[in-house]
Every structure is written in structure tokens, then in C-alpha cells.
Amino acid sequence: MNTHFILIPVEESNARKICERIEATIVEEDVDNEINDLSDVSYEMYPISDYMDMLNNQEINIENYFVTYIYIK
């Protein structure tokens with residue numbers, strides 16, 4: 001399984017609750033269809049290594065997002 005980070009903008013309604021609900025969810029491959037909570041919100045998804053690089057390079061303003069993780073088989 002591969003760990004991916006999901007970033008949901010703070011301006012999305014219920015962004016924090018969505019992050020809490022989907023935390024550590026295991027999906028096959030189609031994230032949009034397998035995680036219903038993500039179907040109506042804008043989000044960004046990154047493999048763990050890409051997310052760490054972007055964060056360390058200050059390419060992401062983390063204050064603008066709620067963050068969670070999922071596993072993709």
C-alpha cells in the first residue's frame with residue numbers, strides 16, 4: 001500500500017470533519033468513487049514523498065489546508 005496525503009482547502013465547508021472521517025481509509029485506486037466525502041469538495045492528493053518535498057521546499061502554504069492521509073492499494 002502507498003500512503004497519500006489529501007489536502008482540502010480550509011474554505012471548503014466541513015473540510016476538517018471530512019479529513020477526520022477519511023483518515024487512514026484504504027482504497028483500491030479510484031479515490032473519487034471510493035471515498036464519497038471527496039466527491040463534492042476540491043482537494044489535492046500527493047504521494048508521501050512528493051508531499052514532503054513540496055512542504056520542505058515551502059511550495060505549499062499549509063495554513064490554507066486541512067490535511068489527512070489515505071492508503072492506496
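The buried residues of helix 1 pack against strand 1 (2–9), strand 2 (25–27) and strand 4, with contact taken as heavy atoms within 4.5 Å. Helices (H or I, at least four residues) and strands (E, at least two) are DSSP runs, numbered from the N terminus. The model is a predicted one, so local features need pLDDT of at least 70 and side-chain atom pairs count only at pLDDT 80 or more, while totals for chains, interfaces and linings use all residues. Residues are numbered from 1 along each chain as its sequence is written, and side-chain values use heavy atoms, leaving out hydrogens and water.

Helix 1 spans residues 15–22, and its buried members are Ala15, Ile18, Cys19 and Ile22. They sit on the same side of helix 1 because they cover an arc of only 100 degrees around the axis, going by the directions from the helix axis to the C-beta atoms. Turned away from that buried side is a face with the exposed residues Arg16, Lys17 and Arg21. Here, buried means under 20% relative accessible area, exposed over 50%, and partly exposed in between (1.4 Å probe, protein chains only). Just past the helix, Ala24 takes a positive phi of about 65 degrees.

As for the strands, two count as paired if DSSP finds at least two bridges between them. Strands 1 and 4 run antiparallel, joined by 8 bridges, and His4 stands opposite Ile70 in strand 4. Strands 2 and 4 run parallel, with 3 bridges; here Thr25 has Ile70 as its bridge partner.

Elsewhere, Ile62 lies in the loop between helix 3 (48–56) and strand 4 (65–72). Ile62 is partly exposed, at 34% relative accessible area.
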